[in-house]
Amino acid sequence: MRRGRALLAAAAAPVAVAAWHIVPAATWLPPVRAALFPALDGRGSPRHVALTFDDGPDVRSTPHFLRELDHLGVRATFFLQGAAVRRHPALVRTMAAAGHELAVHCWEHQPPWLPRPVAERRDLERAVLALRETAGTEPRWYRPPFGVLTATRWRAARRLGLRPVLWTAWGRDWRARADTDSVLSDLCKRLTGGATVLLHDSDRNSAPGSWNVTLAALPYLVARCRAAGWGIGPLAEHGAGG
Ligand SMILES: [Zn+2]
């Protein structure tokens, strides 16, 4: 019996650690987030929509987004992977020179399921340093990979002065079966003034080639916002505080 209890306790310990670590990940669920953590959504001025992209910079796809955004007269916030920033510094400088806001996504796209506090902090420090040294910018925002904000990631971001921000509307553009209509339809379910929109300018962590669909949806999204009387631009102009 005593041995049974000991075994149970041994089994429960890792579960407890995992639960402590991952409970904040419930913030991933938009209704939970809206109710408990409204600041995390990045909800801003009702006359503005924040346009954000994750997972770049990517030399195959990001330049297409820069051209399209220039054509549309729109600037955005890009949540970048630090390792890719180091690999493609010229592209990152081009993004900054075009007036886009550069923010921190991660170093590499590590899954969040096990606590790795030292590595998480080191990764974020490296990502901030990469942006500072490459583009001369001081990032203000942090969005964790998979939108899963664990306690470890939250603490690491705050120590670096980064404000965690997720999104209020997404296009689910990473899916292999996404097309322009599905991306716009998913976005419009939660597209309101004050929304923060999540899209991806790279297929690095998505279905191969999925960025083509995102790129094709972009002019329609911008037109929809403008028809509603909303400005569309980076988080810096969103009035989300922080
Ligand atoms: Zn990502």
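Modeller: Before we start, buried means under 20% relative accessible area, exposed means over 50%, and partly exposed is in between (1.4 Å probe, protein chains only). This is a predicted model, so to speak: local features need pLDDT of at least 70, side-chain atom pairs count only at pLDDT 80 or more, and totals for chains, interfaces and linings use all residues. Residues are numbered from 1 along each chain as its sequence is written, and side-chain values use heavy atoms, with hydrogens and water left out.

Colleague: What share of the residues of the chain counts as buried?

Modeller: The chain has 242 residues, and its secondary structure comes to 9 helices and 8 strands. Those are DSSP runs numbered from the N terminus: helices are H or I, at least four residues, and strands are E, at least two. The buried share of the chain is 51%.

Colleague: Which residues coordinate the zinc ion?

Modeller: Donors here are N, O and S atoms within 2.8 Å of the metal (3.2 Å for Na, K and Ca), and since water is not among the atoms, sites may look incomplete. In sequence, the donor residues are spaced D-x49-H-x3-H. At 2.1 Å, the zinc ion is coordinated by Asp55 (OD), His105 (NE2) and His109 (NE2).

Colleague: Within what arc do the buried residues of H5 fall?

Modeller: Helix H5 spans residues 89-97, and Leu91, Val92 and Met95 are buried in it. They line one face of the helix, because, seen down the axis, they fall within an arc (taken from the directions from the helix axis to the C-beta atoms) of 100°.

Colleague: Which helices and strands do the buried residues of H5 pack against?

Modeller: Contact means heavy atoms within 4.5 Å. By that count, the buried residues of H5 pack against helix H3 (62-72), strand S2 (77-81), helix H4 (82-87), strand S3 (101-106) and helix H6 (117-135).
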